[in-house]
Amino acid sequence: MNENTPRRGMDMVVKVIAHRLKGFIFLFGAYLVVSSHHSPGGGFAGGVVIACSLILLTLAEGQQVALKTVGKTVAAGLGGVGALLLLAIFAAGMLPAELKAVILPSGVGLMQLCDVCIGVVVSMLLFVVFSILAATHIEEKAGKRRMIMRGRD
Amino acid sequence: MSILILLLVLMIVGAIIAIETTNMLSSIVCIGAVGFLLSISFLFLGAPDIAITQIVVEVLCLVILIRATITRDLTTVSGDREFFGLTVSLALILVIGIVGIKAMDAFPRLGLSVMDRITDTSSTAYLAQAETATGASNAVAAIMLNFRLYDTIAQVGVLFFAIIGALAILRRPARKGGREAETETDAV
């Protein structure tokens, strides 16, 4: 491979295995998020597992593929929406009891809603942090801006 | 219990190696080993929720540490240590150690809950009502997401603002560094 062209991703073996595994890792993260009321897990752990599946994609196939799956703006936006939803739940909890019963689900429903919000916030924001901390700098070549992995060129 | 003590000793050994080794990568690997041993000891203490969170966060931190810091410039500390500073820190460690050993006498044995010895705390009420009041069979989730939901939301808020702050600080230098690297390769 030419010295100047940025290498995208790792070997063929790693790429294929990561491609096969990423769905299962994502599924396990979603399971941890949704089912924390009767098994160990929870929104935070599940969110980190989902972020790990995206990070595996970033490491194995290069950042362009990962950012095509979930863009940085989309990820940050989803994280913000999740945080706003949590803030709404926070505010709705302070309403009087009759109004609260109408707006908020009770029992397990509320717990699952909160878990999903926490999972979205954690997974998306950690993915954004990883892609900024560990993966990019922006390269401008022939008028096109593209990101390459730091430390690989 | 002897397994737990063995795990704790291994964790201390790993932490000491992580501090003393000169190779950055092996230091990070030792930190990872400490984290995994901590996760296993959480399992032995009967806390699978915390064990899952610990192992998952440990993996993420290791990946970020290796990817983000291993290619950066490494700062090394050189020169002799000051005598005064060394004495003061040793004295502080001694005092904190003695106080800690004294305080450990008041605690229950390792692995037992402090709350077991006190009646009428909120924790006993939570544990008694967890399944009937919330419908969740996992008492940890019932406490975290129902009885103490405001605490959990505030924690996520802390995480959110920490990440937003990190993004605001980290974004600009990364772009500038990228452009500088580009001009350097052009000049070569």
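Tutor: Let's start with a term: a salt bridge is a side-chain nitrogen of Lys or Arg within 4 Å of a carboxyl oxygen of Asp or Glu. This is a predicted model, in which local features need pLDDT of at least 70 and side-chain atom pairs count only at pLDDT 80 or more, while totals for chains, interfaces and linings use all residues. Side-chain values use heavy atoms, without hydrogens and water, residues are numbered from 1 along each chain, and chains are lettered from A.

Student: How many salt bridges does the structure hold over all chains?

Tutor: One.

Student: What makes B:Arg148 and B:Asp151 a salt bridge?

Tutor: Their closest N and O atoms are 3.6 Å apart, and the limit is 4 Å, so the pair qualifies. As background, side chains of opposite charge can pair when their charged atoms come close.

Student: Why is B:Arg148 called partly exposed?

Tutor: Its relative accessibility is 35%. Buried means under 20% relative accessible area and exposed over 50%, with partly exposed in between (1.4 Å probe, protein chains only), so 35% falls in the middle class. B:Asp151, at 40%, is partly exposed too.

Student: Which residue follows helix 2 of chain B?

Tutor: B:Gly46, with a positive phi near 80 degrees.

Notes:
Helices (H or I, at least four residues) and strands (E, at least two) are DSSP runs, numbered from the N terminus.
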